Amino acid sequence: MTKDKQLQILQQPDTFLRQPTQDIDLPISSDNEELIEKMIHTMYEHNGVGLAANQVGYNRRIFVMDISNERDKPQVFINPVVLSKNNIKMKWDEGCLSCVGHDNRVPRSVSITLEWICRHGKKQHKTFYHFPSVVVQHEMDHLNGKLIIDYPKVPLSEEGHQSSSGNKR
């Protein structure tokens, strides 16, 4: 891996974005530690709230996110697995660092329960609600090779929706 801290974000129609990712071996290697640091830096540099490894050219089941107002609380998700989703849907205006200019209103579950390994190698389990749930679902879509442009296009002026304030994932 190069010493440069920022990674290049792949843009659709790059076919790499469509490939499902692979779990990484544990314990976490120094290469994966370095990748995680660079992903966090790249996410911040591009004003994103989330970034998946395949968006930066790595076929690894890792994503990072930071939904804090201060932008100083990055969370790392390694080998995440969805345990459950709420059947109640909400629609959010979503942008994407890999689909610039193709914002879409995507129906997402109000909550999602996830299990993953944190950057310290410990198993985690949590239910995310509302905006954090949207970010997790968006990044899980990436890890499974799905993009926001795969959802039916809904006019962003439609009422009865939530906005992610232009945040990109």
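**Entry 1: strand β4**

I began with strand β4, where five of the seven residues are buried, so the strand is largely enclosed by the rest of the structure. I note here that the model is predicted. I then looked for the partner of β4 and found strand β5 (residues 104–109), joined to β4 by six bridges, with the two strands running antiparallel. Within this pairing, I saw Met 90 standing opposite Arg 108 in β5.

**Entry 2: aromatic pairs**

I searched the whole structure for aromatic pairs and recorded five. One of them is formed by Trp 92 and Phe 131; I noted 5.6 Å from centre to centre and 40° between the planes, a tilted arrangement. This pair links distant parts of the chain, since Trp 92 is in strand β4 (residues 89–95) and Phe 131 is in helix α2 (residues 130–143), 39 residues apart. I checked the accessibility of both residues. Trp 92 has a relative accessible area of 5% and is therefore buried, the cut-off being under 20%. Phe 131, at 17%, also counts as buried.

I next examined Trp 116 and Phe 128, whose ring centres are 5.8 Å apart and whose planes lie at 40°, so this pair is tilted. Trp 116 belongs to strand β6 (residues 111–117) and Phe 128 to strand β7 (residues 123–129), so the pair ties together parts 12 residues apart in sequence. I found both Trp 116 and Phe 128 to be buried. I also traced a cluster in which ring pairs link Phe 63, Phe 77, Trp 116 and Phe 128.

**Entry 3: helix α2**

I returned to helix α2 to check its length. At 1.5 Å a residue, its 14 residues should span 20 Å, and the C-alpha atoms at its ends are 20 Å apart, which agrees. Among the buried residues I listed Val 134, Val 135, Val 136, His 138 and Met 140. After α2 comes Gly 145, for which I noted a positive phi near 80°.

I also looked at Lys 146, whose charged end sits over the ring of Tyr 151, 4.2 Å from the ring centre.

**Entry 4: the open sheet**

I followed an open sheet of five strands in the order β1-β2-β3-β6-β7, with antiparallel pairing. Its edge strands are β1 (50–52) and β7, each of which pairs on one side only. I recorded an average twist of 40° from one strand to the next. Helix α1 (residues 30–45) packs on this sheet and touches β1, β2 and β3, its direction making about 40° with that of β2.

Inside the sheet, I found four bridges joining β2 (residues 62–65) to β3 (residues 75–85), and these two strands run antiparallel. Here Ile 62 stands opposite Ile 78 in β3.

**Entry 5: backbone details**

I looked up two cis peptide bonds. One joins Gln 12 and Pro 13, with omega about 20°; the other runs from Leu 26 to Pro 27, with omega near 0°. I placed Pro 13 in the segment before α1, and Pro 27 likewise in the segment before α1.

Arg 71 has a phi of about 60° and lies in the loop between β2 and β3. Its relative accessible area is 26%, so I recorded Arg 71 as partly exposed. Asn 79 has a positive phi of about 50° and is found in strand β3. At 12% relative accessibility, Asn 79 counts as buried.

Conventions
Residues numbered from 1 in each chain as written. Predicted model: local features only at pLDDT ≥ 70, side-chain atom pairs only at ≥ 80, totals over all residues. Heavy atoms only, no water. Phe/Tyr/Trp six-rings, centres within 6.5 Å; stacked < 30°, edge-to-face > 60°. Buried < 20%, exposed > 50% of the residue type's maximum accessible area, 1.4 Å probe, protein only. Lys NZ or Arg CZ within 6 Å of the ring centre and 35° of its normal. Pairing = 2+ DSSP bridges. Axes fitted to C-alpha atoms, helices over the stretch in contact; angles between N-to-C directions. Contact = heavy atoms within 4.5 Å. Expected span 1.5 Å × (residues − 1).
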